[in-house]
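Please keep the sequence and the 3D view at hand while reading.

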Amino acid sequence: MEFKELDPILHSQLRLAVISLLIGLKEAEFTFIKEKTNATAGNLSVQINKLKEAEYIQVTKQFKDNYPQTLCRITPKGIDAFEKYVLALQSYMKPG
Amino acid sequence: MQEAFNEKSSLQLIESMINKARNNFSESGTLYLLWGFVVLICSLFQFTAIQVFQYDKSHYIWFLTWLVVIYQLVFLSRKRKNETARTYTADIIKFVWLCFGVSMFLFIFILIKQQAYQSINPAILVMYGMPTFLSGIILKFRPLVIGGILCWALSAGSVLVPYNFQILFISAAVLVGWIIPGFLLRKKYLNQQ
């Protein structure tokens, strides 16, 4: 049985939670992701930055009613990485 | 929450997050109910005015729908402002209804221009079926699918009755296609809150 290596960027609880959430959405605000993941703003901000640096998500900062708004959406590279991660997980889960 | 974790908990986390995104059901049924009741009132008013009072200017009641269009634009812009996440399904449904609105307008305009008045109500019923059925399929909400099919059945049935009674088929269509599914959507939405 061949074990595929798990992507270290995704094999972290909060980053995986963010990507799993964004996979089913067109885009989501920072506040929405924070609410659904129960993460602190500081930690979430750091992890979102790491996903952005890996080009797994696209982050857009803009203003909505004079308040700053951060919008996140998954990129094709992120979708690809997520699919590979799930396949790798499945190879671990299958009985030998 | 940032430390590494095992494969089983990874899969559980993925599943729970996908469900959280999926359960973000934002269709409250408000516009189905609003349009359903407005069209129901207009159609019943027109039928009563013609059949009971022989009042031949009753079709002006349909200008009420323009007020609803204005309200809808305000409602949608407010809803968009409060949204914190957007789904692909909501976007697709938006364009399905936009196609319906444009096609409806053109269909009625063409039929009036060609003085094909007898065909207006059956054509409207065909049009009602399309976005209702598609929304039901996209939202995986069976009452809308059934409502759409019933609109098409009513369309076929409407050509078998005298012209003045066709308008009652419009009333029936909005009842089964929009009002009943609208109430059920509202119930589902409120249960989720």
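## The hairpin of chain A

In the hairpin formed by β2(A) and β3(A), 2 residues lie between the strands, and A:D65 has a positive phi near 50°. The model described here is a predicted one. The strands β2(A) and β3(A) run antiparallel and are joined by 8 bridges. A:K64 stands opposite A:Y67, a residue of β3(A).

Strands of a sheet pair through backbone hydrogen bonds, in either a parallel or an antiparallel manner.

Where the two chains meet in this sheet, 2 bridges join β1 (residues 27-29) of chain A to β1(B), and these strands run antiparallel. The bridge partner of A:A28 in β1(B) is B:A85.

## Chain A as a whole

Chain A contains 4 helices and 3 strands. Along the sequence, these elements follow the pattern α-β-α-α-β-β-α. The C-alpha atoms of chain A fill a box of roughly 55 × 25 × 20 Å, taken along the principal axes.

Of the 96 residues in chain A, 49% are buried. Among contacts in chain A with a separation of 6 or more, 56% are between residues 24 or more positions apart.

Helix α3 of chain A covers residues 41-53, which is 13 residues. The distance from its first C-alpha to its last is 18 Å, close to the 18 Å expected at 1.5 Å a residue. Which residues of α3(A) are buried? They are A:N43, A:L44, A:Q47, A:I48 and A:L51. These residues cover an arc of only 130° around the axis, which puts them on the same side of α3(A). An α-helix has 3.6 residues a turn, so residues three or four places apart point the same way. The buried residues of α3(A) pack against α1 (13-22), α2 (30-37), β2 (57-64) and β3 (67-74) of chain A.

After α3(A) comes A:E55, placed in the loop between α3 and β2 of chain A. A:E55 is not a glycine, yet its phi is positive, at about 65°. Most residues other than glycine have a negative phi. With a relative accessible area of 48%, A:E55 is partly exposed.

## Two buried residues of chain A

A:L25 is found in the loop between α1 and β1 of chain A. Its relative accessible area is 1%, and A:L25 is therefore buried. Leaving aside neighbours within four places in sequence, A:L25 is in contact with A:F32 and with residues of chain B, namely B:A21, B:A85, B:R86, B:T87 and B:Y88. A:L25 and A:K50 are 25 residues apart along the chain, and their C-alpha atoms are separated by 20 Å.

A:H11 belongs to the segment before α1 of chain A. This residue is also buried, with a relative accessible area of 15%. The side chains of A:H11 and A:Y85 are joined by a polar contact of 2.6 Å.

## Two residues of chain B

B:L31 lies in helix α2 (residues 30-51) of chain B. Is B:L31 buried or exposed? B:L31 is buried, with a relative accessible area of 17%. Not counting residues up to four places away in sequence, B:L31 touches B:G36, B:Q72, B:F75 and B:L76. B:L31 and B:L190 are 159 residues apart in sequence, while their C-alpha atoms are 15 Å apart in space.

B:Q115 is located in the loop between α4 (88-113) and α5 (117-139) of chain B. B:Q115 is a residue other than glycine with a positive phi, near 55°. With a relative accessible area of 58%, B:Q115 is exposed.

Note on methods. Residues numbered from 1 in each chain as written. Chains lettered and ligands numbered in written order. Predicted model: local features only at pLDDT ≥ 70, side-chain atom pairs only at ≥ 80, totals over all residues. Heavy atoms only, no water. Expected span 1.5 Å × (residues − 1). Buried < 20%, exposed > 50% of the residue type's maximum accessible area, 1.4 Å probe, protein only. Arc of directions from axis to C-beta. Contact = heavy atoms within 4.5 Å. Pairing = 2+ DSSP bridges. Polar contact = N/O pair within 3.5 Å; in protein donor to acceptor, adjacent residues only side chain to side chain.
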